[in-house]
Amino acid sequence: MTGKARLSLYRCALDTIEIDSIRLNVTASQGNYHIGKPSFIKVADSSRFLLQGTLDRDLQINFDLFTFNNRLNHTLRDLGLADLKGRMDGRLHLEGPLNNPDFSGNLSIPRLNYASIELDTIQFNVFIQGLSRERLGAGSFKILRGRIDKFPIDRVSFDLKTIRNKIEITDLKFLSRQNYFSTNLFINWQESLDSLSVKLFPFKVQYEAYWLNAMDTLTVTVNPDEINLENFTLAGPQNSELSVNGFYNFELSDLQAYLTFNEFEIAPFEQFLKSNLNFRGRVNGFIELLTPFTDLSVQSELWADSLFLQKIYMGRFSSDLYYAKDLFTVNDFTLAKDSTSLELKGEFSLGLRQKKFNLLEDTEVDLFIDWDRLQLKHYAPLLKGIRRLRGLTSGDIAISGRVDAPQIISRLKLDDFRIEEFSGDSLRLAMRYDREKIILDSLSLVLQGTSLKVSGTQDYRLSLVDFDADILNRPFELHVQSKDNHIFFLRNLIEEVESIQGTYHVDLKLDGTPLKPAVRSGQISLKNGQILLAIVRDPIVNVDFNATIENHVLNIETFSARSVEEKDFIERLWRFLSSLLPWSKRSLREGYLTAKGTIDLQDLLRPKFDLALKMDEFYIDYFIQSAKLLLTTDNLKITGQDTLTISGNLYIPKAVVEVDLDQMARSVYLYEEVIKPEPPFLALNLDIEIPGNFTVTSSPLNLANNFRIIFMGDLQVTMEPPSDEPRILGRLEAISGKYASWNQNFIVQNATIDFKNKLPADPDIEVIAVKQLGNKKFELALNGSISNLTQQIRVFENGRELNLSVFDKISLLTLGADISTMQSNPDSALRDIGEKIATTSILTAVERSTEKFTGLDRVEINASGSLVNLSRFKLNNGLSDASIAFGKYLTSDLYVEYRTRFGQNIPAPRLSWDAGNRIGLQYRINRYWTLDSYYEKTERGNTRIRFGLNWEYSF
């Protein structure tokens with residue numbers, strides 16, 4: 001045959017693959033055929049395959065298919081790989097007899113990208129001699145580098161060899177850093193294609209710390225009836241084994257597989273989980289898969305002698321699971337440790353055979369979970385965020401019905417438990433869920449010896465399909481009851497309250513929502529109780545409280561409590577006798593606090609207060625701030641809801657406040673106003689009257705600047721939200737006092753503390769104290785605010801101020817001589833100085849410590865001689881000519897003092913009317929008038945009596 005032909009096809013398709021155009025240029029000459037240029041198949045732009053070749057009359061073929069710079073996304077577009085990026089060069093060549101030609105091919109892709117896959121330099125070469133018969137060939141494949149997501153690829157390669165009915169893929173490797181996979185693959189088939197066998201050996205895979213090695217050859221045989229996988233065992237770390245076998249039946253169109261675990265170590269698989277779980281244990285058992293394509297059934301039996309999670313011993317594990325005909329059965333799922341156990345049994349009806357199946361809506365469940373004697377402390381490290389957890393718990397949960405709308409019944413028993421700071425003796429719970437309601441049948445609690453009972457309901461729709469996360473806004477009802485004689489657990493809920501003791505009864509009915517709970521009705525009572533507060537040293541006693549709640553309003557019918565300052569015999573006797581006088585206002589109910597009013601509990605988190613309080617010398621030892629106070633009021637009110645306002649008048653008949661001036665100055669310097677971002681706020685409007693006996697003192701151990709000053713005055717304390725800092729306006733004036741500085745004891749002549757209603761509270765202080773030494777009078781003055789307090793010394797001689805330098809003044813005060821005298825006789829002067837310093841320090845420490853531990857308001861020791869002899873390093877009998885005074889305020893207005901001399905026989909004094917003894921009384925009529933009197937036995941044995949009326953006005 002001789003001739004020429006040209007064929008052009010446009011917009012054609014091969015199955016689902018669209019082809020832009022095909023062109024063939026064919027010539028024939030005497031039986032020889034030639035395909036020449038231009039002959040090509042054009043799939044799309046930049047995707048063209050060139051055709052070229054000959055076929056002679058002896059049926060010898062020489063044919064080539066070329067492509068250059070072929071864009072893979074165009075070529076594979078209709079195969080769903082339009083996002084594949086890369087360019088390909090390739091050639092296929094056939095040469096030789098048409099019925100048994102030789103075949104060669106090569107492929108090169110410099111770079112390939114698809115989704116998270118990046119591959120660099122892909123090459124494939126192959127040559128096969130006698131493609132239809134001998135099939136003697138060789139080839140190679142390699143990928144130089146790449147990445148699959150975050151997984152790096154360092155090299156992929158294998159060598160190919162063919163001999164008739166055998167294909168050998170040798171040295172198959174996949175390398176990624178220290179991870180690799182390697183094997184050899186052998187494929188053998190019969191000419192008739194009746195059977196095929198595939199073998200792998202050796203087989204090894206390693207990923208980070210985990211590896212598997214084949215213990216024998218993986219053999220897969222294929223025949224007309226089935227594909228059979230012979231038993232194949234892989235050995236892993238720590239003598240673990242994994243075996244698999246199975247077959248696929250062509251007639252049944254289904255398969256069966258069997259997987260066996262033998263001492264299979266779990267720990268190496270942690271690296272695949274990409275989490276912080278630390279799991280340890282060895283698993284034994286099997287998983288059997290039957291007919292997954294026609295009638296799926298799966299059976300699994302697994303067990304482990306010891307499991308560890310996060311290094312916590314979980315115990316022995318066993319499971320027996322079975323799935324068939326849409327029914328998943330948990331025959332056994334047990335975790336046991338010593339006497340502790342957790343068991344799960346039940347069934348899940350899945351309905352997978354339905355055409356439209358929803359796992360949550362269509363699954364029926366019948367599940368029972370039971371646990372016994374679980375020690376929570378052992379498992380506490382598994383729970384993040386909880387540092388302290390303990391308790392012994394048992395219980396069960398039964399779940400039935402549809403997964404999307406189940407019925408749940410649960411019982412819980414918990415003994416000797418603790419969660420963080422909250423602890424309890426026992427808990428018994430019975431609850432259920434049914435018809436969109438959580439029903440608390442009973443909750444019995446014993447918290448640190450206190451019994452509580454709770455029952456109620458909570459509206460909630462439990463759904464895994466349409467999940468309701470708004471349970472906090474769903475209504476609830478609770479009934480809370482408690483009747484006991486003490487409450488110690490409140491400190492975990494209200495940090496200001498340590499405990500309540502006494503016979504009490506609580507019966508409350510709550511409603512509302514968890515975000516807005518309310519107390520609807522009930523009653524609360526406490527008889528002859530005792531309340532211990534965290535910030536107050538002594539308990540509040542004789543507490544009687546009775547309140548009823550109706551329509552969300554708590555009405556205080558009775559509230560009284562007592563806190564009395566401990567008094568000595570003389571003070572108690574005086575108070576008793578004065579209460580009998582008809583003109584006396586004093587009653588025997590001192591120390592009482594009473595309250596009346598209402599609290600609106602319609603929003604328990606935002607209660608509305610309307611309370612009126614009365615106090616009669618109610619004693620508070622606020623030890624955290626070193627303050628002891630007696631408080632009296634007849635009109636203190638607490639009102640408001642989001643802003644709690646405390647207003648009224650306070651009368652402080654007696655107080656002792658210990659201050660640290662240095663710390664107060666630092667607090668003023670570092671002050672930053674505190675603004676509360678949200679309610680509740682606190683507002684103050686208090687008028688405070690201090691008639692006297694308000695003692696401001698330094699620490700008894702502060703001997704460098706030691707003072708004890710008694711003040712009187714009026715203060716107004718206010719605070720306006722959102723500020724959390726009070727403002728103070730008013731002035732305190734000293735009645736009497738002592739100030740020890742420069743190793744000398746001064747008598748306070750005048751002192752004031754002036755508050756200017758500013759923030760921070762940095763009052764102006766003025767103190768003038770005097771000391772008489774011979775014919776010299778020393779005047780010590782402190783002036784300025786707390787944050788900027790200055791000290792000055794003035795020296796007077798016979799009423800005239802001496803013009804001395806500061807160093808001479810200090811030298812005269814502390815050393816008894818000026819600088820020049822010190823320089824002329826340093827040894828004796830320094831010895832005298834040391835003796836005076838030691839004497840003053842000892843007496844100051846004794847006085848202040850005696851005041852602190854006896855409760856006296858004043859202890860003063862006057863000694864003319866030195867207590868220490870430094871030249872002989874011994875104590876002198878310096879108290880032989882000393883006097884000591886004891887002072888006490890019987891009331892805020894009445895002060896009594898007893899003074900006596902030590903005499904030669906130490907210890908003394910004794911309460912007798914020997915020479916040198918004196919008793920004095922001072923009565924403050926009001927702020928400006930005082931009445932003074934004393935009765936004294938002089939050293940000469942004479943009797944002296946004095947009465948005086950004093951008037952003082954400060955301006």
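How many aromatic pairs does the count come to? In this predicted model, local features need pLDDT of at least 70 and side-chain atom pairs count only at pLDDT 80 or more, while totals for chains, interfaces and linings use all residues. Residues are numbered from 1 along each chain as its sequence is written, and side-chain values use heavy atoms, with hydrogens and water left out.

The count comes to 15 aromatic pairs, where rings of Phe, Tyr and Trp (its six-membered ring) pair if their centres lie within 6.5 Å, and planes under 30 degrees apart count as stacked, over 60 as edge-to-face and the rest as tilted. One of them joins F181 and F203 edge-to-face, with 5.4 Å from centre to centre and 70 degrees between the planes. This pair links distant parts of the chain, 22 residues apart: F181 lies in strand β13 (residues 179–189) and F203 in the loop between β14 (196–200) and β15 (204–207). Strands (E, at least two residues) and helices (H or I, at least four) are DSSP runs, numbered from the N terminus.

F181 is partly exposed at 24% relative accessibility, whereas F203 is buried at 17%; buried means under 20% relative accessible area, exposed over 50% and partly exposed in between (1.4 Å probe, protein chains only). The rings of F261 and F264 are also edge-to-face, because their planes stand at 65 degrees, with centres 5.5 Å apart. F261 is buried at 14%, and F264 is buried at 7%. Ring pairs also link F124, F141 and F158 into a cluster.

The protein as a whole contains nine helices and 56 strands. Of its 955 residues, 39% are buried.
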